[in-house]
Amino acid sequence: MKSSRYNRFFDAEDGTRLAYNCVTSGFATLTEKKYRQVQEMLASPDTYRFNTKAKKELRDKLLQGGFLLQNGMDELDILKVRNRSVRFDPRQFTLTVLTTLNCNFRCTYCYEARKNITMSAETEKALIEFARKKCENADSFATSWYGGEPLLRMDAIARLREEFGKICEANGLKYFPGGIVTNGYLLTRSVGEKLRDMGIETAQVTLDGPKDVHDRRRLLPNGKGTFDRIMENLCQTVDCLKTISIRVNTDKTNADRAVEVLDAIEERGLKGKVSVYFAKVMSNTAACANIAGSCLVGQEYADLELQLTRQALAKGFNVTKYPRTKYHYCQADHVNSFVVGPDGYLYKCWSDPGNIEEAVGHISDPARYQEKKKNVFKWLAWDAFEKEECRECDLLPVCMGGCPYMGLRANSHTKGACDDWKFNLLDMLKLYYAGRVHTSQNTKEVATPTREERR
Amino acid sequence: MGWEWVELPGADPVTVPGQPYVCDNLELQVAPCPLKGEVCQVECLQVH
């Protein structure tokens, strides 16, 4: 047997010994005595004497968590095969549907080209036929609903969702109506109930801080703010949708106030009823090139993320995230996943709709399909395992080379586009542990060793 | 026994927003799947 190269041993802020393996994402607490035993076992597993029941049990935990491996097992090979087997498996067909590029907001940092394109009846019909053909060779079909502001076209969403459901039923496929990304302005009780009835039970809504901060960033075309109405809508829909996820976009201009959104959520009785996560604003398209100077990247954002997570925990909001090992990065690098724009053009990445240069095909026009087909290959040929720094990186299992869009733009032969984990993995794990302990103090979900046990 | 899982070993079943991953390729797993081969639909819009 041999020790994994992806093991991490470190101490929580309360001194508890922690063990994490990046390939399996197994995460455990251990007592001081077990910690010392584990170090001895991993140092020389072939000669260590597993001569008691307790030692054998500990060895089995190490094997289960990937901390210990059979000799000759190459973890990079495992990751590579896992990656290929999922990326190029066409049985899972995924569509992110943009029924419109039109939007009722004028956010200061929007990355989409502002185009008043909305899905026509003809394109709807063509999209249904496209899905029908794709479903002939798939096992499952999943959709996400996006825009522009998707709720401007509830009519199209309802028709497409119904037809997609029929196609799956006819072909014996599992259909996942998925979630919707909306600015929340039109998410009234009545709309929430319609979404729920369609099986679209997850909504992601963005709030960028307390009212004064949010209203400076996420505006109506007339310059008026949107905070109060979104909050009211959240209160109206929180019990009819399964999950409402609040995304808090952060950059240099709201970093110091972003966490105050949690106070507003608590004041309206939404604490514990919605989930919250912090994200970074990125300047990744021509449409938002002007905000590059206010964006936080790399270590800067990773530090902010830690700070915000810590502040949230102090307010009783567990917004910690967990570094779960990935098979591949996102739908952009998956062979049978597409983003479809309201004009029928197909893309691989959510950043591209409206930018026809980057389209990878078209749902119905063979000439345009052939013209754009070449773009598919650059996405599918993107490969972190070809990058020397990624191969050598201990975080490859949770990063998988990072965002393919950013990686392709950087066009480096040696490295991908490192995920934020690169800069804060251990600290985030410590906070994750603290969050679990904090939220499970009454349930004993996480066993925290006593001071005596730690010895 | 002095070793307690905070998170069980197992891959993220979903890395694509809304996409289910049917983890049926057991020979490729390096750790037992916590989902036991069930189809999972985790809301994973956070990638974006």
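This is a predicted model: local features need pLDDT of at least 70, side-chain atom pairs count only at pLDDT 80 or more; totals for chains, interfaces and linings use all residues.
Me: What makes A:S25 count as buried?
Reply: The cut-off for buried is 20 or more other C-beta atoms within 10 Å. A:S25 has 24 C-beta neighbours inside that distance, so A:S25 counts as buried. The residue sits in the loop between β3 (17-21) and β4 (27-30) of chain A.

Me: What is the phi of A:S25?
Reply: Phi is near 55 degrees, a positive value in a residue other than glycine. Most residues other than glycine have a negative phi.

Me: Why is A:M400 called buried?
Reply: The same test applies. Buried takes 20 or more other C-beta atoms within 10 Å. A:M400 has 27 C-beta neighbours inside 10 Å, and therefore counts as buried. Phi of A:M400 is near 50 degrees, again positive in a residue other than glycine. Look for A:M400 in the loop between α13 (396-399) and α14 (404-410) of chain A.

Me: Why is A:R5 called partly exposed?
Reply: Exposed means 12 or fewer neighbours, and buried means 20 or more. A:R5 has 13 C-beta neighbours inside 10 Å, so A:R5 counts as partly exposed. A:R5 lies in the loop between β1 (2-3) and β2 (7-11) of chain A.

Me: Which residues does A:R5 touch, not counting residues up to four places away in sequence?
Reply: A:R5 touches A:E75 and A:D394. As for A:Q307, A:R5 is 302 residues from it in sequence and 29 Å from it in space, C-alpha to C-alpha.

Me: Why is A:I128 partly exposed?
Reply: A:I128 has 17 other C-beta atoms within 10 Å. That falls between the limits of 12 and 20, so A:I128 is partly exposed. A:I128 belongs to helix α4 (residues 121-135) of chain A.

Me: What is A:I128 in contact with, leaving aside its neighbours within four places in sequence?
Reply: The contacts are A:L160 and A:E163. The C-alpha atom of A:F164, 36 residues apart from A:I128 along the chain, is separated from that of A:I128 by 7.0 Å.

Me: How do you know that strand β11 of chain A is mostly covered?
Reply: Count its residues. Strand β11 (residues 243-250) has eight, and six of them are buried.

Me: What makes β10 and β11 of chain A a pair?
Reply: Pairing takes at least two bridges between two strands. Strand β10 (residues 202-206) and β11(A) share five bridges, in the parallel sense. A:T206 has A:R247 as its bridge partner in β11(A).

Me: How many bridges join β11(A) to β12(A)?
Reply: Six bridges join β11(A) to strand β12 (residues 275-280) of chain A, and the two run parallel. The bridge partner of A:I246 in β12(A) is A:V276. The chain gets from β11(A) to β12(A) through helix α9 (residues 261-267), in a right-handed β-α-β crossover.

Me: Which strands make up the open sheet of four strands?
Reply: The order is β2(A)-β3(A)-β4(A)-β1(B), with antiparallel pairing.

Me: What makes β2 of chain A and β1 (3-7) of chain B edge strands?
Reply: Each pairs on one side only. The twist averages 25 degrees from one strand to the next.

Me: How do you know that β2(A) and β3(A) pair?
Reply: The cut-off is at least two bridges. These strands have five, in the antiparallel sense. At one of the bridges, A:R8 has A:Y20 in β3(A) as its partner.

Me: Which strands does helix α1 of chain A touch?
Reply: Helix α1 (residues 32-43) packs on the sheet, touching β3 and β4 of chain A together with β1 of chain B. Its direction makes about 115 degrees with that of β4(A). Helix α15 (residues 421-439) of chain A also packs on the sheet. Helix α15 touches β2, β3 and β4 of chain A together with β1 of chain B, and makes about 120 degrees with β3(A).

Me: What kind of peptide bond joins A:G147 and A:G148?
Reply: A cis bond, with omega about 25 degrees. Most peptide bonds are trans. A:G148 is in the loop between β7 (140-146) and α5 (154-171) of chain A.

Terms used
Residues are numbered from 1 along each chain as its sequence is written. Chains are lettered from A and ligands numbered from 1 in the order in which they are written. A crossover is right-handed if, with the strands pointing away from the viewer, the path from the first strand over the helix to the second runs clockwise. Two residues are in contact if their C-beta atoms, placed from the backbone, lie within 7 Å. Axes are lines fitted to C-alpha atoms, for helices over the stretch in contact, and angles run from 0 to 180 degrees between N-to-C directions.
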